[in-house]
Amino acid sequence: MTADVTLVEAFIRPGNMLDARLTVSPSSSQFFLRDFVSLSCEEDDSSAGWTLRRNTSKQQRIQCGDGWGKPAGSSCSISYMYPQDTGVYWCESREGPISNMVNLTVTGGSVILQSPVLPVMEGDDVTLLCKTKTTPSNLPAAFYKDGSLIRKQPTGHMTIQHVSRSDEGLYKCDISGHGESPSSWITVTDQEPAGEDDITYNSDPAVIYSAVRTGDVSYGEIVIKGKKTRRGPRTYRSLSQQSEDFKPESDVVYSSLK
């Protein structure tokens, strides 16, 4: 069955900067049913009034405390995660700027893939962990990228050494007798994440795209338009570029923040 596609837009005034960073604890992009998660806005300006928001397949731009999560200052905790909590999360200040966005997937299944929540830098080593909810996390597992088998590992974890842009893609894992994990998108970037002094928008507003699959799969990407200052330009792959490697299925809900 094909899901409806919903487009949501919000405007960020030119001149705003990304001066907060969203972190997730435990650091994972996938969670089991009824897991606990804490989301925090690491901010440079506490007076900016940062709050957590999210897009899901049912709702867009909903603030923490408004039907989901428990707010505490610039943090938000979810005591019991459910599949409807699958979505795109970010920090937003009352002045307009937003943070990085992260995709979280909650599954009712018995296997998850623990992978980096934030983009990883080229040259870094990345370890993926395939784990079950009730059994030891060192069971043999098979790892896949964009639907193709990469390798089988005897201990349930796989390390990608010195990642490059070719390693960017949609990953999942499988443990025989237990099942398959949801899929998560891993982004590889060639520069450090932007901070307060790294990027400003001088002309056009920023456009941020994200996508959430309703069937326990989520992935997302950021496309920034506008003149950048201070550091050299940071490269992002658009969703259209990603589609050359991976074609999303029809049950995907897209959201856009301008």
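Select Cys130 and Cys173 to begin: both residues are buried, where buried means under 20% relative accessible area, exposed over 50% and partly exposed in between (1.4 Å probe, protein chains only). The two form a disulfide with sulfur atoms 2.1 Å apart; a disulfide is a pair of cysteine sulfur atoms within 2.5 Å. The torsion about the S-S bond of Cys130 and Cys173 is about 85°, so this disulfide is right-handed. Cys130 lies in strand β12 (residues 126-132) and Cys173 in strand β16 (residues 169-175), so the pair ties together parts that are 43 residues apart in sequence. Helices (H or I, at least four residues) and strands (E, at least two) are DSSP runs, numbered from the N terminus.

The model on display is predicted: local features need pLDDT of at least 70, side-chain atom pairs count only at pLDDT 80 or more, and totals for chains, interfaces and linings use all residues. Residues are numbered from 1 along each chain as its sequence is written, and side-chain values use heavy atoms, with hydrogens and water left out.

**The other disulfides**

The structure holds three disulfides, and with bonded cysteines counted along the chain their pattern is 1-4, 2-3, 5-6. Select Cys41 and Cys91 next, which are joined by a disulfide with an S to S distance of 2.1 Å. Cys41 sits in strand β3 and Cys91 in strand β8, so that distant parts of the chain, 50 residues apart, are linked. Both Cys41 and Cys91 are buried. The torsion about their S-S bond is about -105°, so the disulfide of Cys41 and Cys91 is left-handed.

Proceed to Cys64 and Cys76, whose sulfur atoms are 2.0 Å apart in a disulfide. The torsion about the S-S bond of Cys64 and Cys76 is about 80°, so this disulfide is right-handed. Cys64 belongs to the loop between β5 and β6 (70-72), while Cys76 belongs to strand β7, twelve residues apart. Cys64 is buried, with a relative accessible area of 8%; Cys76 also counts as buried, at 1% relative accessibility.

**The nonpolar cores**

Now select Val24, Leu39, Leu52, Trp68 and Tyr89, the residues with the most contacts inside the largest nonpolar core, which has 21 residues. A nonpolar core is a set of buried Ala, Val, Leu, Ile, Met, Phe, Trp, Tyr and Cys residues joined through side-chain atoms within 4.5 Å. The elements that give two or more residues to this core are β1 (20-25), β3 (37-43), β7 (75-78), β8 (87-92) and β9 (98-107). A second, separate core has 16 residues, including Val120, Tyr171, Cys173 and Ile186.

Centre the view on Leu52. Residues up to four places away in sequence aside, Leu52 touches several residues, among them Leu22, Leu39, Cys41, Cys64, Trp68, Cys76 and Cys91; a contact means heavy atoms within 4.5 Å.

**The sheet**

Five of them form an open sheet in the order β2-β9-β8-β4-β5, with mixed pairing; two strands pair if DSSP finds at least two bridges between them. The edge strands, β2 (30-32) and β5 (62-63), each pair on one side only. Strand β4 (residues 51-56) is joined to β8 by six bridges, and the two run antiparallel. Select Thr51 to find Glu92 of β8 standing opposite.

Asn100 is in strand β9 and counts as buried, at 18% relative accessibility. A polar atom of the Asn100 side chain lies 2.8 Å from the backbone nitrogen of Leu22. Neighbours within four places in sequence aside, Asn100 is in contact with Ala20, Arg21, Leu22, Tyr89, Trp90, Cys91 and Leu118.

Leu139 is located in the loop between β12 and β13 (141-145). Leu139 is partly exposed, with a relative accessible area of 23%. Although Leu139 and Thr155 are 16 residues apart in sequence, their C-alpha atoms are 5.3 Å apart in space. Without counting residues up to four places away in sequence, Leu139 touches Thr132, Pro154, Thr155, Gly156, Ile175 and His178.

**The whole chain**

Finally, zoom out to the whole protein. Its secondary structure comes to one helix and 22 strands. Of the 258 residues, 47% are buried. Among contacts between residues at least 6 apart in sequence, 65% join residues at least 24 apart.

Note on methods
A polar contact is a pair of N or O atoms within 3.5 Å; within protein, one must be able to donate a hydrogen and the other to accept it, and residues adjacent in sequence count only if both atoms are side-chain atoms.
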